[in-house]
Amino acid sequence: FDSLTAPYLINGYSIERTASCGVTLYPNDNADLDTLVRHADQAMYQAKLAGRNQFKLFDPDDDQQTSEKHERLKAIEHGLTHDQFELYYQPKVNIKTGKVFGMEALIRWQHPERGTLQPDTFLPIITGSELESTLGQWVINTALKQLMFWKSKGIELEVSVNISSGHLQSPDFFKQLEQALENYPTVNSNFLQLEILESSALGELEPVSNIIKTCQEALGVRIALDDFGTGYSSLTHLRNLTAKTIKIDRSFVRDLLDDPNDYAIIDGIIGLTTSFNRELIAEGVESTEHGLMLLTMGCFELQGYGIAKPMPAIDVIAWLQSYQPNPKWLAYSQHVHTEKENRIKQFRLVSDSWINLLETAITSSAPDKKYHWPIFDQEKCHHSVWLKRSRQEQLFDDACLDRLDEAHEKLHQLSSQLVDHYQNGSLAVHTQLLDDVKAAHKQLSILIGECD
């Protein structure tokens, strides 16, 4: 190979050449002579595509994967041209007011043989292909058409659509978005929100920032930074990207009541968005308790299964007509709470979640099964973190915190004994100990009430 690329001297001039070579090896590539030549030719073109002046070895396994991906891309393209894709809509709610203010559009593939397919089964396949932008543009147009229909029915909702990195940075993105908005002149562009994954900006900060600014200033669309906190430079993104809305990733919300680290992350994000004057929404809210916790922390806009699952567009109007705000969220929002009152509410929420996890694991599972236990480390559980923070902030009387500390220690001692007996199969003993642990938890609840 080095000999092929060595320069030639002709009439005193040095002539440099590059060589691209493709190779396949028999019997690893177990094919007939004509196919072997074709495979070597394929490898040569791969060498050229990779920058020339190199060789590539044909890999039968890679070729099989490439062939399978090509077939799957063809299937997706066929589904798109035959109206097999559909947008589902998940409501977004302000839990202080109870008002539904928007919907997130989520793509589904209504496959004729495999049924309804979630986006993670087909979107990764189209990444980097022309189909990525084609499907993304279909989503935008479909969402705008839906916005126009709802407006004709007197319904005005913000609709957000997810935009992939490849689509966002494609050369025709702005022109196509502008044309799509012109096709639906009755739709206010402020009601269209583009959700951009935080990871989309990694390594591409300047071009992404320019695209965002242009879309906001020239077209009036809104921008949200999705899955916030999962990237490695979120502070940089807050400083340099003009996205108006920040979405807290569901991975932090899911274990908010059980993991103090997730609480700390969300608390930090809320503080940052307040400092940078951004709007905030949390996704992945699955229960009333999740909502209450976020409410006490200062996050009021939510979406998740605790409000509604994604639904076909045809079901949205009926859902809106039957929707009733969560009475516990509204009841807590009706009063202005002090920081101390919010802290007490948080303590009750995490404490109740802790005992519920323990009781569920003890009464519903076998020792050899995997399930979600509460945190047993006395220094790392929510109670301990709450107590340390409360002492630093000096919101509560020291004597009150001392009593809580003592009750907290007793709770962990009893729970440790309970788990030991449970794992050893001592049913009668662990049943009695469970009652003792629940009594210790009740004592914590009484003591936190006395701290008010």
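A charge is taken to sit over a ring if NZ of Lys or CZ of Arg is within 6 Å of the ring centre and within 35 degrees of the ring normal. The views below show a predicted model.

**View 1. Lys96 over the ring of Phe300.** The charged end of Lys96 is placed over the Phe300 ring, 4.6 Å from the ring centre.

**View 2. Lys309 over the ring of Tyr305.** Here the ring belongs to Tyr305, and the charged end of Lys309 sits over it at 5.3 Å from the centre.

View 3. Tyr89 belongs to strand β5 (residues 85-94) and Trp150 to helix α5 (residues 130-152), so the contact ties together parts that lie 61 residues apart in sequence. Tyr89 is buried, its relative accessible area being 1%; Trp150 is likewise buried, at 0%.

**View 4. The aromatic pair of Trp373 and Phe376.** The rings of Trp373 and Phe376 form a tilted pair, with their centres 5.7 Å apart and their planes at 50 degrees. Trp373 is partly exposed, with a relative accessible area of 22%. Phe376 also counts as partly exposed, its relative accessibility being 29%.

**View 5. An aromatic cluster of Phe and Trp residues.** Four side chains are shown: Phe85, Trp109, Phe122 and Trp138 together make up one aromatic cluster.

Notes
Residues numbered from 1 in each chain as written. Predicted model: local features only at pLDDT ≥ 70, side-chain atom pairs only at ≥ 80, totals over all residues. Heavy atoms only, no water. Helix = DSSP H or I, 4+ residues; strand = E, 2+ residues; numbered from the N terminus. Buried < 20%, exposed > 50% of the residue type's maximum accessible area, 1.4 Å probe, protein only. Phe/Tyr/Trp six-rings, centres within 6.5 Å; stacked < 30°, edge-to-face > 60°.
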